[in-house]
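Here is a friendly walk through the structure shown below, for a reader meeting it for the first time. Please keep the picture open while reading the numbered points.

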Amino acid sequence: MQLLQTRLKDGLTHHRGLRNAKALLQHAAGVLRRDPVQSLLAYQGAESPWVERRVNPHRDGKALLNEAAVIPLLERYRQIYEGDPVLSRSLILKPPGLDGEKGVLYVAFEYNLYRLLRGLADPAELLNRYDLVLSTSWSPTSYGLLEWALRIVPGTLYLEAGNPAEIAKLEAYHPRIRCVSTMPCEWIHPDNFNPKPHAARAYDILMVANWAPFKRHYELFAALAKLPASLKVALIGQKEAGRTAQSITATARSLGAKQELEVFESLPIQKVREIQCDSKTAVLMSRREGSCVAAMEALFANTPLGMRADAHVGSRKYVNEHTGRLLNPQRGIHHELAALLEAAPHLEPRQWAVDHLSCHHAITRLNNELKKHAVEQGCRWTRDLAAMCWNPYPGYVREQDWQELRPLYEGLHSEFPNVFPLNLVESPRGIRSS
C-alpha cells in the first residue's frame, strides 16, 4: 500500500497537464490580486510553450518586477549566504583585456550567484570587467533569482541550463537572458576514468545518487524484487533529507530487494570513479532534476546507462543506442533493466562520449558561442577561454592556465575579501594526463 501511495503521489507531482493547470490558476490569481510574482511562479512551473507565453510576467515588454516583492522568493539562498557567504565552485575562464574587453566568470549553481551579487557592495566594480555564465543546478531554475539578478547584472546574463528543453523557456523569460548550449554534465575529463573490461567488473548495477526522495531509489528496489537474487548492486550516495545509508538499505529490504547490496556513503571522488569503472550498468531513476553529472560520468567509465524515458533530466539527451537504454516504465522497469544488462557487453558508451561530449568539446562550443555574441555586440574578443573540467568541481585542465590566472584570484580576494576566498580554486589535480 505504501508503494502504491508513493507511486500515485509521484505520478501527480510529475503530470504535465496538472502542472500546466496549476500554472494557469496561479497566474489568474495573481492577475486578480495584482500580484505579478504569482505569474513569475506560474512561469517557473509551466510545462508548455502555450502556457508559458500567457503567464510570462515580461510579456509585451513589461518591466522588471518590484524588487521588494521578489526578495521573499530568495529565502533559501539567503539562508545559505548567512551560513557561508563566500563564493565557491566558480572559475575565471578569461581575464579582462585592454580597451574594455571583458573577462568571463563561470559561476556554478544558483546559490553562488546569490553569494556573488549579495556580497558585492558595488557589483558594477566587478561586472563591468566580467561577463557571468551561471551554470544552473535544477530544471526549472529559480526564476525569482533570475528576476533579482537582472536588476544587478548589466547587459547579458548567460545561463548554462540544466536541461536543453528549458533553453527556449529561459530565453523567452527576458530579452537579456541568453543560454549557451553546454550543460553542467558535459564538463568531464575522459582521462579521469580507467574502465575495466566488462567481464571483469564486480557490480551488475550501480546507482550514484544522494539519498533524497527525488532520486527515487524505491523504483530500483521494486524492480530488483523481480530480478535474480544473484545480481550484485552498488549504491553510492550521501545523507540528504534525513536519509542515511541505513535507511536506504531498510527501504530496499522492505520492498523485496533480495540481492547483495553494497551501500557507500560520502565517498571521495576517486573511489566513486573506481566503482563506476567496476560496474556493468548504471541507472538513474529521477523523474526531474538538473543535468546529473553522475549519469554522464558512467559513460566515460564505459558503463551503459539506464534512465527513464520520461525523465526531465538534461543528460537524457545523451542516452542512445551507443550509450545505454531509455527505460519505458509501461513495459516494467525490471524487464527494461534485464534488457539493459543483456545488451551491456555489446555497448561502448565511452567512445561515443569521448567523441561527442567531453570537456574538450564543451569548452570549444562555449568559447565559440561567447565569442560570436561578443562580436555581434561590437565587443572585443582577442583571447579564448581557458580549458575547464569538473573534478568534481570546476577547475582548470592545464596547470599553465592556473598559474597564469592565479594573480587574478589574489587580486579579487584583496578587492572583495568577503566574496572571493583565497582558496577559491586549487591547482589542477586528479587528471591522469592532459
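1. A word on pairing before the tour: two strands pair if DSSP finds at least two bridges between them. Strands (E, at least two residues) and helices (H or I, at least four) are DSSP runs, numbered from the N terminus. With that in hand, Ala282 stands opposite Leu305 in strand 10.

2. Some ground rules for reading on. This is a predicted model, in which local features need pLDDT of at least 70 and side-chain atom pairs count only at pLDDT 80 or more, while totals for chains, interfaces and linings use all residues. Residues are numbered from 1 along each chain as its sequence is written, and side-chain values use heavy atoms, with hydrogens and water left out.

3. Let us stay with strand 9, which spans residues 279–284. Strand 9 pairs with strand 10 (residues 305–308) in the parallel sense, over three bridges. Strand 6 is also joined to strand 9 by three bridges, and these two run parallel; here Ile205 stands opposite Thr281. How many of the six residues of strand 9 are buried? Five of them are, so the strand is largely enclosed by the rest of the structure. Buried means under 20% relative accessible area, exposed means over 50%, and partly exposed lies in between (1.4 Å probe, protein chains only).

4. Another sheet deserves a look. Strands of a sheet pair through backbone hydrogen bonds, either parallel or antiparallel. Five strands form an open sheet in the order 1-2-3-4-5, with mixed pairing. Strand 1 (90–94) and strand 5 (177–180) stand at the edges with a single partner strand each, so one side of each has no neighbour in the sheet. From one strand to the next, the twist averages 30°. Angles run from 0 to 180 degrees between N-to-C directions, and axes are lines fitted to C-alpha atoms, for helices over the stretch in contact.

5. Leu157 has Ile177 in strand 5 as its bridge partner. Helix 17 (residues 359–376) packs on this sheet and touches strand 1, strand 2 (103–108), strand 3 (130–135), strand 4 and strand 5. The direction of helix 17 makes about 145° with that of strand 5. Contact here means heavy atoms within 4.5 Å.

6. Because Arg365 lies in helix 17 and Glu186 in the loop between strand 5 and strand 6 (203–208), the pair ties together parts that are 179 residues apart in sequence. Arg365 is partly exposed at 24% relative accessibility, whereas Glu186 is buried at 0%.

7. Glu101 and Lys94 form one, with their closest N and O atoms 2.8 Å apart. Is Lys94 buried or exposed? Lys94 is buried, with a relative accessible area of 0%, and Glu101 is buried at 4%. Asp35 and Arg33 form another, with 3.9 Å between the closest N and O atoms. Asp35 is partly exposed at 22%, while Arg33 is exposed at 53%.

8. There is also a salt-bridge network to trace. Asp10, Arg216, Glu219, Arg287, Arg308 and Asp310 are linked in it.

9. Gln276 lies in helix 13 (residues 269–276) and counts as buried at 1% relative accessibility. Leaving aside neighbours within four places in sequence, Gln276 is in contact with residues including Phe193, Arg201, Leu206, Val208 and Ala294.

10. Leu8 is found in helix 1 (residues 2–13) and is exposed, at 55% relative accessibility. Lys22 lies in helix 2 (residues 16–33) and is exposed too, at 58%. Lys22 and Arg33 are eleven residues apart in sequence and 16 Å apart in space, C-alpha to C-alpha.

Conventions
Salt bridge = Lys/Arg side-chain N within 4 Å of Asp/Glu carboxyl O.
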